[in-house]
Amino acid sequence: MNDRLHADPLWGKYSPLTALTGVALIILGSSRFSFAVTVLGSLMWVYGLTIVTLKVLENLLPRIGRNGIAILLSSLYSYGYYYLFSLFSPIMALEVAFPLALVPITFIARGLYRQMDNLSLSQALGTSLYEALILGLLLMALALFREPFGFGVLTIPSPQGTFEFFGSDLASHFSIRLIVSTAGGLLILGYLVALFRVLRNFYGKYLAQRENK
Amino acid sequence: MKEKTISDHSVKGRDVILLSSWILGILLLGLSIVFFGEGTKNYFLLRAVNSYFEEKNETLRLEKPLPKNDSTHRPSISGDFFSVGGSKDIALIDSLMVEGTSIAYAIILSPQGTLRRMIPLGSHSVVMDERVALQLKALFQQRIETETLERK
C-alpha cells in the first residue's frame, strides 16, 4: 500500500506538491544573506533541540499524538530562537520573523522525527543537524546570488539590524529588483531545480558505473 | 479476554495522560516565555529603535512600553506600542510584508489615532520602503486608522 502511494504521480514522494516542501522558506529566507544566516541558525536550533528532546524523553512519549507533540515542541523551540534573536537584534527580528516562523513547518513537513526510531541519540542528532545544514547552506548559496544582484550589497546580522559589509551606490543603482522579490526567487529556484536534476542524473550514472566495475 | 480489555484500557489511559502532560507542559513553557519575556524584549526593542533614531539624527525618542490591554486609541493589530517622549503621541513598532520580505516601521500615531509618520527602521527597511507602492502604504495607513476608529 505504501509503495503504491509513494509511486503515485499525485500523492507520491515525487509528486509536484510533495516536492514543494520548504519552498516558502527557501524563497523568503534567501532574499538577504543576513536572513539566510539567521534562518540557518534557527534550522540548526529547531532541528537539533526537537530531535534531542524527543529522543531523550522517548520513554515518556505516548503512542498516540506524537505528531502533535513534535509540532508543538518545534514551534516552542522556534519561538525561543526568535525571542533570543530579538534580544540580539530587535529590528532585524521584525524583518525576519516570517521566514523564522516557517522553520517548524518545514521540520514537520519533512517528517524527520518519524525516521529516528531505530537510531541512537548521537546518530539522530547528527542526521537532523546535517539535514538542517544542507537546507541552510542552500539558502545561503541562493542569498549570495540574490542579494548582490537584487540589492547591490551583502549583509550580515548585527545588533543594529542588517549590516552591509560589501556594496556600493553604483551596484545598488544597477541592481535588478525582480531578483529579490518572491517572483524572482521562484524564477531562480526553477533554474536551480533544473540544474540540480541534470547534476543528479550525472551523479546517478556515475554511481551506476562504479557499481558495474 | 477480559484481562486484555482492561490492559488495553490502562495503556490508552496512560497514553492520554502522557499526551495531555506534554501538551500542557509545552503550552505552559511557551506562555511563560511570552508572559515573562515581554518586558525584556520591549526594553531591547526600545533601546535599539532609540539608538537608530539617534544615528539618523531623528528627534523622536521612545519613552516606555505601553501595556497591550490599555488601548484607548490604539489599533488592534500586532506590534508593540510605546509612548513618545515629550508628546502625547503613540509609537507602534510593527512590520509590513511587501514583495515577500518584511519592512520594520515605527508608526507614529496621534492620541486620536491619526497616522502621523511611518519611519522605516534599519538599512533593509529603508531600501525596501523606497520600493513600496504609495497605494500600498495608503492602504496600510487606512487599515491602522480604521481599526483605531472602530475601537473608539
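The model is predicted, so local features need pLDDT of at least 70 and side-chain atom pairs count only at pLDDT 80 or more, while totals for chains, interfaces and linings use all residues. Residues are numbered from 1 along each chain as its sequence is written, chains are lettered from A in the order in which they are written, and side-chain values use heavy atoms, with hydrogens and water left out.

- The size of an interface is often given as the accessible area lost when the parts come together.
- Here, about 3,300 Å² is buried between chain A and chain B, and carbon and sulfur atoms give 70% of that; buried area is the accessible area (1.4 Å probe) that two parts lose on being put together, summed over both.
- A:Ile91, A:Leu94 and A:Glu95 supply 18% of the area that chain A buries against chain B, more than any other three residues.
- Chain A brings 37 residues to the contact and chain B brings 39, with contact meaning heavy atoms within 4.5 Å.
- Seven residue pairs, both at pLDDT 80 or more, are in polar contact across the interface of chain A and chain B (a pair of N or O atoms within 3.5 Å; within protein, one must be able to donate a hydrogen and the other to accept it, and residues adjacent in sequence count only if both atoms are side-chain atoms).
- On the side of chain A that touches chain B, H3, H4, helix H5 (90-101), strand S2 (161-167) and helix H9 (177-180) each supply at least two residues; helices (H or I, at least four residues) and strands (E, at least two) are DSSP runs, numbered from the N terminus.
- H4(A) gives the largest share of that side, with nine residues.

**Salt bridges**

- Over all chains the count is eight salt bridges (a side-chain nitrogen of Lys or Arg within 4 Å of a carboxyl oxygen of Asp or Glu).
- B:Asp15 lies in helix H1 (residues 2-55) of chain B and A:Arg63 in the loop between H3 and H4 of chain A, so their pair joins two chains.
- The N to O distance for B:Asp15 and A:Arg63 is 3.3 Å, and the count between chain A and chain B is one salt bridge.
- B:Asp15 is buried at 4% relative accessible area, while A:Arg63 is exposed at 59%; buried means under 20%, exposed over 50% and partly exposed in between (1.4 Å probe, protein chains only).
- Within chain A, the closest N and O atoms of A:Arg110 and A:Glu131 are 2.3 Å apart.
- A:Arg110 is in helix H6 (residues 103-110) and A:Glu131 in helix H7 (residues 121-150), so this pair ties together parts 21 residues apart in sequence.
- Within chain B, the side chains of B:Lys41 and B:Asp80 meet in a salt bridge at 3.9 Å, N to O.
- That pair links helix H1 of chain B to strand S2 (residues 80-84) of chain B, 39 residues apart, and both B:Lys41 and B:Asp80 are buried.

**A nonpolar patch on chain A**

- A:Val56, A:Leu57, A:Leu60 and A:Leu121 make a nonpolar surface patch of about 320 Å².
- A:Leu57 sits in the loop between helix H3 (33-56) and helix H4 (66-88) of chain A, and its 31% relative accessibility counts as partly exposed.

**Chain B at a glance**

- Chain B has three helices and five strands, in the order α-β-β-β-β-β-α-α along the sequence.
- Of its 152 residues, 43% are buried.

Conventions:
Patches are made of residues with over 30% relative accessible area and no salt bridge: like charges are joined within 9 Å, nonpolar side chains (Val, Leu, Ile, Met, Phe, Trp, Tyr) within 5 Å. Accessible areas come from the Shrake-Rupley method with a 1.4 Å probe; for residues, only the protein chains shown count as cover.
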